[in-house]
Amino acid sequence: METVENVEQETLPVEDEALQTRASWSSALRFLAVMAVLLGLAYPLATTAVGGWLFPEQAGGSLLRDASGRVIGSRLVAQTFVGDGYFIGRPSAAGNDAASVSGSNLAPSNVALRERAEADAQAIARREGVSVDQIPVDLITASGSGVDPHMSPEAARLQVARVAQARQIDEASVTALLEPALENTGWLGAPVINVLRLNASLDERYPAAPGADSAANDTPSNTVE
């Protein structure tokens, strides 16, 4: 016959296992709570604060303002410009919509892509009064994001004559605005021109004639007010 002492000794391991299980769950939940506070609250707040302190312009969206201080867009997001008095950037599969950034995802062998590129090349050649062979490739190819705000200096120089004629100013005056709009001029990457900055400086220095075509939207879609 088993004594009471033997029964208690047999049940102790079961109780110890239950205690260990509860202790493990308690430790795991405490760890989860601590990491949620650290990584889900403290870390994002700290990085946001430090980023805003060190890089206030970039943290605020790299916004571009006109002479009156009105926000006209972001340096990082392309806008659609129309009219001969403006420089026109790269084609976009997303329509330069920052809310739906995307590329066409068409392969180089895709017939639709080739037809679109050929049609764009012909339209640009007519617009600029040049041959297709003179068109820089970035004016024909769309970016992967669909909101590339840049174009090559060669693409900008191709459009100088048209813009100067539309604004009724000399080409040298338009050309002088290209260098201030240059970005990525360091050792990493090739220099590019920010189209929005360039067109904004055009409007500021040489306003278009009344009734002339202007940007596609009076209030750009990437404007923050």
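Biologist: In what order do the 3 strands of the open sheet stand, and what makes S3 and S4 its edge strands?

Modeller: The order is S3-S5-S4, with antiparallel pairing. Strand S3 (150-151) and strand S4 (182-183) are edge strands because each pairs on one side only, where strands are DSSP runs of E with at least two residues, helices are runs of H or I with at least four, and both are numbered from the N terminus. This is a predicted model, in which local features need pLDDT of at least 70 and side-chain atom pairs count only at pLDDT 80 or more, whereas totals for chains, interfaces and linings use all residues. Residues are numbered from 1 along each chain as its sequence is written, and side-chain values use heavy atoms, with hydrogens and water left out.

Biologist: What makes Asn 194 a cap of H6?

Modeller: A side-chain oxygen of Asn 194 lies 3.2 Å from the backbone nitrogen of Leu 196, at the N-terminal end of H6. A polar contact requires a pair of N or O atoms within 3.5 Å; within protein, one must be able to donate a hydrogen and the other to accept it, and residues adjacent in sequence count only if both atoms are side-chain atoms. The 3.2 Å distance is therefore within the 3.5 Å limit.

Biologist: Why is Ser 201 called buried?

Modeller: Buried means under 20% relative accessible area, exposed over 50% and partly exposed in between (1.4 Å probe, protein chains only). Ser 201, in helix H6, has 18% and is therefore buried. Leaving aside neighbours within four places in sequence, Ser 201 is in contact with Leu 177 and Tyr 206, contact meaning heavy atoms within 4.5 Å.

Biologist: Which residues of H6 are buried, and what covers them?

Modeller: They are Val 195, Leu 196, Leu 198, Asn 199, Ser 201 and Leu 202. Their cover includes strand S1 (63-65), S2, S3, helix H4 (153-167) and S5.

Biologist: Why does Tyr 86 count as buried?

Modeller: Tyr 86 has 4% relative accessibility, so the value falls under the 20% limit. Tyr 86 lies in the loop between strand S2 (71-74) and helix H3 (111-128). Tyr 86 and Val 160 are 74 residues apart in sequence and 9.3 Å apart in space, C-alpha to C-alpha.

Technical notes. Pairing = 2+ DSSP bridges.
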